[in-house]
Amino acid sequence: MSGHLALHGIMNLCPLRSATKTRVCRKGVVIYLAEKLKIIPIGGLNEIGKNMTVLEYGKDMIVIDCGIAFPEEDMYGVDLVIPDVTYLVKNAKKLRGFFITHGHEDHIGSVPYVLQAVNAPIHGTRLTNGLIELKLEEHKLKDKVKLITHKPGDVVQAGCFGVEFIHVNHSIADAVAFAIKTPVGNIVMTGDFKIDPTDSEGMMDLTRLGELGKEGVLALLCDSTNVERQGFTTSEMSVADNLDRQFKNCDQRIIITTFASNLHRIQSVLQTAHRYGRKVAVTGRSMENMLKVASELDYIKIPANTLIDLAQIKSLPKNKVVVVSTGSQGENMSALYRMAFSNHKQIDIQPGDRIIISASAIPGNEKAVSRIINELYRKGADVVHDKSEGLHASGHACQEELKIIHALTKPKYFIPVHGEQRHLQKHAQLAKMMGMSPKRILVADIGNVIECTSKTCKLTENTVTAGSVFVDGTGVGDVGAVVLRDRRHLAQDGMIVVCVNLSADDGELVTGPDIITRGFVHVKENEDLIEAMRMICLEALFTCQNKGITDWATIKAAMKGDLSNFLYKNTRRNPMILPVIMEV
């Protein structure tokens, strides 16, 4: 058989032919060059939340997770932060599907926004898809998106990728990791996880991870959120015991706040309340939605005659009531926030109320949580929030659990994911401690392109568009860097509007300049400053007119420049200045 025919014969047997490139040598022999697997983090690195990772090989591409991040304090007016999916839109023809590890907002929150830009089937477990379906209904996308439900152990073929669902423990039910068979080797993506032998769903499938380790794992992408904590994560079972202690001998109303997605915790609250003869009411939209979906899908069992409408609690004695609320992260619109600041329509915090915060603050939310706690104390409530009370168990693996995953999977290469830079670097150090060569550890950033062959993985100099898109109300992406900069400017130094009326006949001044301020100074207490500002603007106007300048843009620029210089010199402030000229 000639070399040409031999090569063709071999490639005809190769399942990867559709994902190869060809070139013709001078002797006419066709050589097929294998593609490289690209791993591209679109979000979730050097940040908390917004998790999204692209795997691409030849003409096939899949996306793992599609989450949001919550706005930082200086993102004024922004409701949500979603990933920039420009790269997905450009490669929409390659996209074979979205694969979702679990139903937390930082993994599913962007789905209704992203799918308006690029549509593909969504693969998830039953609870995960139930929560996604709720979001799609709210955005009127339910009939436009294909949701496919799987269970642990299922393998989905998406182009050249074989995606296996693996059961893991987390702070939400139905969480999975993915083992992804690619043309160059196995990729394991843990998603968010911990190892909990007492989990009601059963312990994480460590056996399967060990089997994959024996088969060979090219690269491990592992959760880094809790890598700074030593030891093992607390079991959810111990939290249930500590909750019981808070209920025992308490003769006051109990209000509990936790993550709405933590069904194990909510189940514990329901069972404990039932045991002590208390009725449970729920407040907060996300909590109500979660309870609805979870009960419909039978992920939570509500004891008979325990759940009541919120309006009924006023007719019951305090020692017979439990309220489960949103607001564990200090969110401004949450039910607990509204209670603390007396804005809740049905619940007023009363002296003696026992408020149990059964959650830890996500990094960046500490101040918001502290503000609520202080306000609750001010109202005379008994607030239980200290970690020493054991009322929260993290859903993320600590160091010893992470070591177990590394030991089982034995990856050739390691890519830490899900965390800020300190988390990624700490996880890299842990991998070195496990004996991995620093050359095989890749600490990446969003937008980086990691290229893998069957023997190598390397961080390339190539990048793709990645970053943040802001959601404000119904607007997606219309609040960009410039708008956000203006909002920060307004928040820091306020705004001044200078109104001038000029004659339509000869351009002479008719009335003004009138000075309107917002967030700069109190006008009645600074009349001299306001008058000085008027004179500065008037002088700038007359100077332009004396020079024969009639262009409004030039006149506005002159007034703005002179007034800005004057204010900074006299007040050391730099307010936004908006000159307005009208013809009369």
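User: Let's start with helix H11. What do the buried residues of H11 pack against?

Analyst: Keep in mind that this is a predicted model. The buried residues of H11 pack against helix H10 (335-340), strand S18 (354-357) and strand S19 (382-384).

User: Which residues of H11 are buried?

Analyst: In H11 they are Ala 368, Val 369, Ile 372, Ile 373, Glu 375 and Leu 376. Look down the axis of H11 and these buried residues fall within an arc of 165°, so they line one face of the helix. The face turned away from that buried side carries the exposed residues Lys 367 and Arg 378.

User: How many residues does H11 have, and how far does it reach?

Analyst: H11 covers residues 366-378, which makes 13 residues. From its first C-alpha to its last it reaches 18 Å, close to the 18 Å expected at 1.5 Å a residue. Just after H11 comes Gly 380, with a positive phi of about 90°.

User: Which residues have a positive phi although they are not glycine?

Analyst: Asn 46 is one of them, with a positive phi of about 60°. Look for Asn 46 in the loop between strand S3 (37-43) and S4. Asn 46 is partly exposed, at a relative accessible area of 27%. Another is Arg 572, whose phi is near 55°. Arg 572 sits in the loop between H16 and S27, and at 57% relative accessibility Arg 572 counts as exposed.

User: Now the sheet with S25 in it. How do strands of a sheet pair?

Analyst: They pair through backbone hydrogen bonds, either parallel or antiparallel. In this structure, an open sheet of 3 strands has the order S26-S25-S27, and its pairing is mixed. Strand S26 (509-518) and strand S27 (576-583) stand at the edges with a single partner strand each, so one side of each has no neighbour in the sheet. From one strand to the next, the twist averages 15°.

User: Do S25 and S26 run parallel or antiparallel?

Analyst: Antiparallel: 7 bridges join S25 (residues 495-502) to S26. To find one place on the screen, pick Asn 501, whose bridge partner in S26 is Thr 511.

User: Which helices lie on this sheet?

Analyst: Helix H15 (residues 527-546) packs on the sheet and touches S25 and S26, with its direction at about 135° to that of S26. Helix H16 (residues 552-571) lies across S25 and S27, running at about 145° to S27.

User: Which residues of H15 are buried, and what covers them?

Analyst: The buried residues of H15 are Leu 529, Ile 530, Met 533, Cys 537, Leu 538, Ala 540, Leu 541 and Cys 544. What covers them includes S25, S26 and H16. H15 itself has 20 residues and reaches 28 Å from its first C-alpha to its last, close to the 28 Å expected at 1.5 Å a residue.

User: Where do Glu 56 and Lys 94 lie?

Analyst: Glu 56 is in strand S4 (residues 52-57) and Lys 94 in the loop between helix H2 (86-90) and strand S7 (95-99), so the pair ties together parts that are 38 residues apart in sequence. Their side chains meet in a salt bridge of 2.6 Å, N to O. Glu 56 is buried, with a relative accessible area of 3%, while Lys 94 is partly exposed at 22%.

User: Which residues are linked in a network of salt bridges?

Analyst: Glu 164, Lys 181, Arg 208, Glu 211 and Glu 215. Within that network, the side chains of Arg 208 and Glu 215 meet at 3.2 Å, N to O. Arg 208 is buried, with a relative accessible area of 14%, whereas Glu 215 is partly exposed at 46%.

Methods: Residues are numbered from 1 along each chain as its sequence is written. This is a predicted model: local features need pLDDT of at least 70, side-chain atom pairs count only at pLDDT 80 or more; totals for chains, interfaces and linings use all residues. Side-chain values use heavy atoms; hydrogens and water are left out. Two strands pair if DSSP finds at least two bridges between them. Helices (H or I, at least four residues) and strands (E, at least two) are DSSP runs, numbered from the N terminus. Axes are lines fitted to C-alpha atoms, for helices over the stretch in contact, and angles run from 0 to 180 degrees between N-to-C directions. Contact means heavy atoms within 4.5 Å. The expected span of a helix is 1.5 Å times one less than its number of residues. Buried means under 20% relative accessible area, exposed over 50%, partly exposed in between (1.4 Å probe, protein chains only). The arc is that of the directions from the helix axis to the C-beta atoms. A salt bridge is a side-chain nitrogen of Lys or Arg within 4 Å of a carboxyl oxygen of Asp or Glu.
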